[in-house]
Each structure stands twice: as C-alpha cells, then as structure tokens.
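Open the model in your viewer and keep the selection tool at hand. We will go from one stop to the next, with a note on what to look for at each.

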Amino acid sequence: MMKAFEFTLDNNGIATLCLDLEDSAVNILSSEVLRALDAKFNELKKAEDIRLLQITSAKEGIFIAGADIAEIEDLRDEDEAYEKVREGQKILSQISTLPFPTLAVINGACLGGGLELALCCDYRLCTENSATKIGLPEVNLGVLPGFGGTQRLKRLTGLSKALELILGGKILNGKKAEKLGVVDACVPQGYLEFKQKSFIELILSNPEKILQKRKKGSWMDRFLPQLVFSYARKNVAAKTKNKYPAPLAVLDLLEKTNSKEVQEGLEYEARAFAKLAITDISKNLIGLFYASEALKKERGVKRRVKALPIKMINVIGAGVMGSGIVFQFSKIGKLVRMKLRRYEQAAQALKTIQKVYDGIIKRHRLTPAEVNMKMGHITYTTEFDGFNNCDLALEAIIEDKKAKQELYEQLEEIMDEKAIIASNTSSLSITMLSEKMKNPERFVGMHFFNPVPRMPLVEIIPGKKTSDKSIATVVALAKEAGKTPVVVGDCAGFLVNRILLPYINEAVRMFEEGADYEKIDALILDFGMPMGPFVLADEVGLDVGYKVAKVLEDAYGERMKVSSILDRVYQQMQLLGKKSGKGFYIHSGKKRQVNSEVVGLVFSKRTFDEQEIIDRAILIMINEAAMCLQEGIVENAQYLDMAMVMGTGFPPFRGGLLRYADSIGISNIVMTLESLAKNYGIRFEPAKLLQDMAKNNKTFY
Amino acid sequence: MKERIAIIDGIRTPIAKAGGNFKDIQAERLGAHIVQELALRVGIPFEKYDEVIMGNVSQPGHAANVARVIALEAGFPDSTIAYTVHRNCASGMESITSAASKIMAGEGELFLCGGVESMSNVPLMYSDKMKELFEALFKAKSITEKLYTLTHFRPRYIKPIVGLMQGLTDPVSGLMMGSTAEVLAQDFGISRDEQDMFALESHKKAEAATKAGRFREEIAPLVYDTKSGKIMEDDDGIRFGQNMEALGKLRPFFDRKNGTVTAGNSSQISDAAAAVVLMSESKAKAMGLEPLGYLSHYAYAGLEPKRMGMGPSYATAKLFDKYKMSLKDIDLIEMNEAFAVQVLANIIAFDSKKYAKEHFGRSQALGSIDMTTLNVNGGAVALGHPVGMTGTRLVIHTLKELRRRGKHRGLATLCIGGGQGASLILEAE
C-alpha cells in the first residue's frame, strides 16, 4: 500500500497523523488514500493511550487540495458513483466517532474533500498564511461536496453562510474562515508551533471555552429557513440563469435535509452527488478545469528560457484599453508610466482607474492606503521621458499601422535594447507591424479584452521574428497580472475575434434576411452566451466592431464579407452603439429597447426556425475554429475552448466550442454545414479538418 | 568646496493655494509624486541612489521622517536610506547643502533632494486645558469619577491652537513672522505703497512668465483629484491683472492700527513639492550627463530673530567674504519674497556702506542690486511660499533662468524664520 501519512504518538498522549502523500507535491483524497486512512482510523478506535489526535500536513502550503478529480471524471454510472462517495463518507465519519478529541491543523490549501475531512474533526485551527485557502469549490466542477460538506458546514456557520459558500464555491482565507466559524481559531503562521500547543491544552482542559464561541446561525437561519432558501434560489437564478444543475441540487438537498441528522443527511448528499457526477455538464466543467490548469503551467515556449523580470511598464495610449491595462499592472504593484498626447488625458485615465479601485475597496479586497500607494505608482508624461529604464512598453493606441510603426521607431530609440515592446492590437498582424523595427525579436502582441479588469483572457501573439524570451516574458507577466495567457498565431483577428466576428456577421445577415434580431439575441442568450450578438455589438461599439470586421474581410475575403446592414448602420446612420446611446438598441441607463430605425432598414420579414438560427450562428464559429486548428493558430482544442470561454463568455457548461461540437457530432456538423453552404454560400463550406474528422469518425476530445 | 556639485535636473509640482486644489493631498504624497517623476525623468535606476533627503517644516504627525515615507512611496527600494531636514524656510536648501557636504565627505555619490510642504494639512491642536481634561478622563476609574471630571469642562477649552500660526511665530521673540516684517518696515522706513508696488510687480512678472510657459519648464503636472479627474499644470496663486487698488483695499494683518504688511504684500500660504538630483561634477562627467547646473558655494548666517528678514544680507555677506566674491560676479538673483518689505529692506541694506560696516564689519557695501536681475519671474508674493519647498524651487528656477538667459552665475537667497539666512551660488555651466 502507498504511504499517505506518518503517524506518531508522544509521551503526553498527543497523536499526530501527518499527511504526506509519497511521490506527490500535494495531498489529495484519492480512493487509495481514503483506504489507507480507513485502516488507520479502525486501528485508532481501540487505542487507549491517546488523549488527542491532531491531523496535520507535511506539504508546503497544502493541507489537502481536495478529492481526486480524475476519479470524479471517470464516474459514468450513478449507482457506482453513489457507492463510491458513500464509502468516502463512512471513512471520514469515523473521525467523529473516535474516542478522543480530534483537531485539524490547517496551514495551507484545504479545499473540497480536504475541508470535509477537517469538518469531521472536533476542532479546527488554521493559519493566516496566504497559502491557507479554505472552501468547498465543488459546484465549479458541476458537482456538490459529497463527503459530508453540505451537512456539516452549516452546523458551524449557519445555513445562509453555508449556502453562500457552497453555491458560490467560495474560497476563504484563514481570518475570514475564523470569522464565519468554519475554523475555531486562526493564528499567524509564525506563532503556529506554540499556539498549536496551547490550543491542544485548551481542548484537553476547557473545551467549553472553544465551543461557546461557535456560531449558532442567524435568527433567519433558525426560524425562517424557507426565506433563506427562496433568497438563495433567486440569487442562483440571476447568476446562472439556472443553466447549471449543481447549485440547484445543493439548494434542493439542503432544503430537504434541513432538519435531518447528519448521518441521514449524508445519504441524501451521496444520492445528489451521484446524480450530478455523471452529467455531461460536470464532465465539461472538469474538462475546462484541466484546460485552465494546463494553461497555468504553459510558459508559451517549448525551449527553456527565463522570462525577464518586469518592474516598470510604459503604457502608450490612455483610452479604454490603455486605462484598463494601466490598472491591471498597477494592481500587481508595477510602476506604470503612461504616455499621453495631453495631460488632461491622465486625469481622465486616473479617474477611470480610481473607479475600479473604489469597487475593490468596497469589496474589502484592498485597503484605501494600499490603493493610494498603487495609484501613486502610476505616472504620466506627454514626452517619452522616463522610458529608458522601463522593462516593457505596451502600445494601446489607435488601430493604425503607420501610427503604430512610427511609435515603435521612437520607442526603439529611447528604450533599453533588452526591453520588450508589446502591442495590444486586436487585429493587425504582428509580423507586419514589426517590419520596420531594428529588433523585431523584442516585439510581441499582447491582446487584452475589454473590459480589461474583468476579462481573464490575454492573447499572446508572436510575430515571425519574435524571440522566445519575449514570448516567455509576456506570458509570465500576464499570469502575474492574474490573467490567463493563450499563445495564438499571427493571423488577422488572431484567435478569438477571428472566430467571434463571423458569428456576429452571420447574426446580422439573418436580420438582413428578415429575422427579428431581438429574438436572435434571446435565443443566443438562452443558448448560454452572456449576451446576444446584437447587444454585444452595441456594447463593443459599432465603430470598433466595424473596423475589425473590415480588417477580417480584407484578410479572408468572401468568407467574412461584412454585411451591408452593418455598413448602413455604422457608415450612413453613424450609430456607435451603447457609448452614443444608440445602435441596434436604444440604451438608456441599464434599460434598452429595439431601435426601430434599424429595424426599418429591412422591409421583408420572415420567420426563422429556431434551430436554424442557432446552427447558423454557432456552426459558423465551429467551422472557423476548426480552420484555426488546422492552420495551427492555437496549440490544441483544449486551449481554443478555454480562450473562447474566457474571451467571449462561451457557456462553460457546454465545455467550450469544440467540446460542444463533439457533443452534436462532427458528421452532423459537416452535413448541416454542407446544406447551409448550398443555401447561403461558401462561407459555410466545412473546413478540411472537419471533413477529415467526419470521415474518420474522430472527435476533438 | 573642493569641487562643484552637479544638479542633474530638477522639477516641482505646481504651487497650489492652501486649502485649495491640494488640500486633500498629504505632504508625503506630494513629495512622492515629484520625487518619483524626477527619478524617472533623470533615468538613473532607483537602486543606484545613495540617499533621499527632504526638507519639510511642519513635519506631519502621521508620517514622521517624511523623507523616508516619500522615498518608499516613490518606488525606491527598502534599502534606500532617507532623512528629513529642518531649517525652517530654508529646509528645501538644507536638503541640497546637506547632500553637498555628504558628497564632499565621501558619504555617498548620488542623492535625491528636495523640499515639500502641505500647509493645508498642518493640524489644529487642542489647548493645554483640553489636554489636561483628557488626561484626567483617562485616569478616572469609575463612571461617576468620569462624569465629575467632565464638569470641569469649559467651552473655551475647545478653541484650537492653529498649528500653522504657531509654526509661523518666532518662539524666542514671540513675534509672528509678519510682525518681524513690520519691524523692518520701521527700521528702513518703507511705506505701504512701496510694498504694494513691489507686490504688484511680483504678480505682473509671474503672470508674464506663466503666459510665456516659463514655469511649465520646471513643473510636473499633478492629477490632484482622481474622483472627478482633475489635473493641475500651473501655479494658482498668481493674480492675473492685479492692481494697486485691489492691493490697497487689504487691511494690515499683523498691526491693525499702524501696520503696513498685508496679505497682499506677503507671501502666500501654499502646498507644493520640489526635487533635484545631485552628484559631484566629476561623477556627472564620468557618467556623460549634462547637468542643469552646479552648486559652487553656500553659506548660512545667523541674526537677531526679530529681524530674521535680513537673513539674505547676512548670509550673502558671509558668503562673499569667505569666497572673495562680489555682486559683480552675479548675473541673476532669486531672493525669496517672504514679505515685500523684507526684500525691499535687503535691497537697501545690500547697497548701504553703513549697514555693511555696522553688521558685517565690512568697509564696502555688498553692492547695488540691478533690479532687472532680481526675481525676474516674480516670487513668493505671487507664487506662494510652501515653506519647506521654496528653497529647492529657488535653486531650480535660478538655474533654469540662467540657462534661458545664457548667463553664468546666480545667487539664490532667503530669509529664515528664527533668525537665519541662506545664500547659494549656482552656476549654469
């Protein structure tokens, strides 16, 4: 049997079960580990010389990272899943029946099954260490806590807090965990050794003192649980549009078991878990989790090169993107210098950034003093002074080849020759932009998405001559900034816009053919996209969208020909979308209504089959995605899916664009595309990759 | 000095009227902004600096040793040492001359120095009576005892002591700075009209300089309000179109009955920061830098506190004697305008053989000041006098003006509350 822990007993009768899974950097609760624990707990039941058992971990920054996700992913049969999780429940439940007090000492990540184990102990002690993270994130993987978490957490925090934690998959730091009652005490890491000792003494001498402090839940929790549930349901509906079964199952389960004993509740929990674990949605979410883990490890280059350390960053351009990027870098403690045309732009940019920080202060993520310091590290100039010591310049000026190239020439003159020059262009070719540079190897695309503070994706685009060092550096920097970088090929529109634009274009064409665009938006919303294509176009700005669409039309020709309606709405009617109050919709505050002027552009209306609308909008994306894969624009289907989820909000429960393609079947897609191509033109001609896959019965995953 | 001190570059914030644009910005924030901006513009990496020295008079309670706070907020590494100097109104010069001494003594090669003052944020203080009451309250053990203590409260206890007023009062003579100016007006028989005329000139010259963009060459704009997005690029104390009538309407502030010194012919209370980068001339050469200019000599002198305004004459006499210089060697003079009357008194004293003999034991007068070389772009009467910052501003401005005029040598001098004077010889090449 594998070694999962070290057991010791000192002469004071204090036993220590120190988790230390062999050949692994982390502790996880795999079946094998659980079996090992089972044997030990059985043995301990009869121990007479033990006064207290503490469970600790020997891993740096980890208590227990959670259950083994691969095992959950492998579950296919509901009964099998039920049996498996029941067994785990029983093993962990033994902790609470041991004839002596038990204590979990949490100094590191304590997530999912890890917390469920800790919840089985009589007492919990954690540290303020920044690695200490406590929570039940199972719903993020489409399942629910199956080792007793749903039944035991509420007994410590009260019902509403437990719901909040489980439904949101929230991760707490040590102090917050103590405040909510998840742990009994939280101590600074440096004090742990002696605080641990005195806490054990307290347990042995005066446990009442600890138990007195435990939360009893709010009066609402105790007397009006129905109300708590109905609030929670409303919240879940607003957040997930009820597209995700796991939060709903958590609500049902907790409502059903609200007045039940733990042991009885566990049975219900196991049933609910088993139902969820075998759903496609859970598999999809697990797939995306793997993709994001894989991307976290990506360095962007195959060769081992060291990323340059980046301390000071110049950002040129103070528009929406520029300000967002300045915020993002200042937030992680970089010195950021803005280059502007006029000083008043600095005031506007700082105003925008202050607003974002104010929101963060409101959520207690940063203190006003910390924000002042970060704001103070943003400087501004109308010249290029102060650029010579910067490690990286990020250009976010207008999408104009000449203007950009002239800027790079100036930057190359002033900046250190090792410094990196990056462009936030959303559509221009990186290789082309760098063609006049002296050192094109230092040049790379770093494409953020709008709004920068909220969108997690950054496309990293190496040009033909970009050095590995430059790529590795911007990949590392994007990660440091809390973003997920995906390296993509240097084609027009790069990855996400190249796939997304045909979809918007197609939606507009359907409107041109007589479809009701409010209905298209509603259908797409129901499909799971965060907003419909017409709302999206208005949000992005019709000017921006039009320019990108034109660049793509130039590059890809007939396939991406801009719909004539877009021409008329933007060029003739001069509508800009939300920022000017009018686009496809008329926007006033948070409300919007259909703009009848635009509707009037099309005279002949016809009704569309709902499936046809979805097919045309989504399949055209799948087709383009397949072409991107066949051209090697992105490394694999997994990364492509992740990029679409993060960059466009493609519904995670569908697992990503290509996982969705797999679910409808490649040959079905090819057939539909072929018939669409017959009716609507060559833009639907299936990609070679799809045709080959259909022929060979292959899937993306 | 063995060698001249190179001043690589210098900048300042705009000067804002106290209680105005910068009222919500603490001194350390003002200082950090300008220090960071200067370090970036000069382009020498932060970690190469040996020390940061800042002058500051009102020494904010929440940021003791404000220079260190400034250095850290500006982005200097933890290892950069920093200290704050205080020589009243010359604090912004003291930081520079302290660095000069250190460079000469081999205690460091590269310094970032300056001065900062947020006169808006000088606190109000409780009276001693109120303090006693608080202490008694803390000591009181029971509620009844506390309530009993409270019966000793009298409304007048809450009348605050204005820290700013206290700071601007000479502790030895007990005179407010303005009152020491009145002493000079009496000594030299300088009328209200003469003072107002001088003040008017200061505004006119500063107005012209602002319109010509001369101050923009030394100002680093500051976004002072990020809530509504406001930036300040010019000083706001200068009254465009100032006239004698408006100045004449103001009542004397320090001697209501017979006085001549008004708010209009005194320097203004303001907020600002300024900074310079210093190293030895030889190091600048070795690094291939082209400095803004050089500090070649300096002197501080002490005098009777109640006539502190004469500081420039005393310090300049000491400097001239020590380095065998005369007014003929000077192309440009920046004499701080703490009060119009105080500058006028110094102009007379400079030219007086009698004054030179009586006070400095010199057989010759210091010399007649050519008025076309004195405070050519106006002074503190128009711009404001953020006490800890002014010294640094004078150094920067003298050098920039020398360069504009293609001239060689300037004198930057100021009077110092408490009875001192400072004089610095600055050279453009």
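Start in chain B by selecting Ala6(B) and Met279(B): Ala6(B) stands opposite Met279(B), which belongs to strand E10(B). This is a predicted model, so keep that in mind as you go. Now widen the selection to E1(B) and to E10 of chain B, residues 270-280; the two strands run antiparallel and are joined by six bridges.

To find the spot, pick Ile7(B) and look across to Gly293(B) in E11(B), which stands opposite.

Is E1(B) mostly enclosed or open? Select residues 5-12 of chain B: seven of the eight residues of E1(B) are buried, so the strand is largely enclosed by the rest of the structure.

Now move to chain A. Colour it by secondary structure and you will have 32 helices and 20 strands on screen. Zoom out for the overall dimensions: the C-alpha trace of chain A spans about 85 × 60 × 50 Å along its principal axes. If you colour by burial, 56% of the 701 residues in chain A come up as buried.

For the next stop, select the open sheet of six strands in chain A, ordered E1-E2-E3-E5-E7-E10, with mixed pairing. At its edges are E1 (5-9) and E10 (185-187) of chain A, each of which pairs on one side only. Neighbouring strands in this sheet are turned by 20° against each other on average, ignoring direction.

Stay with this sheet and pick E3 (residues 52-57) and E5 (residues 102-106) of chain A, a parallel pair with three bridges. Here Ile55(A) stands opposite Ala104(A) of E5(A). Then show helix H4 of chain A, residues 113-120: H4(A) lies across E3, E5 and E7 (123-127) of chain A and runs at about 145° to E5(A).

Last stop: select H22 (residues 496-512) and H25 (residues 542-556) of chain A, whose axes come within 10 Å and cross at roughly 100°. That makes H22(A) roughly perpendicular to H25(A). Show side chains for Asn497(A), Arg498(A) and Leu501(A) on H22(A), then for Gly545(A), Val548(A), Ala549(A), Leu552(A) and Tyr556(A) on H25(A); these residues make the contact. By class, five are nonpolar, two polar and one charged.

Definitions and conventions:
Residues numbered from 1 in each chain as written. Chains lettered and ligands numbered in written order. Predicted model: local features only at pLDDT ≥ 70, side-chain atom pairs only at ≥ 80, totals over all residues. Heavy atoms only, no water. Buried < 20%, exposed > 50% of the residue type's maximum accessible area, 1.4 Å probe, protein only. Helix = DSSP H or I, 4+ residues; strand = E, 2+ residues; numbered from the N terminus. Pairing = 2+ DSSP bridges. Axes fitted to C-alpha atoms, helices over the stretch in contact; angles between N-to-C directions. Contact = heavy atoms within 4.5 Å. Parallel < 35°, antiparallel > 145°, perpendicular 65-115°, else oblique. Nonpolar A, V, L, I, M, F, W, Y, C, P; charged D, E, K, R; others polar.
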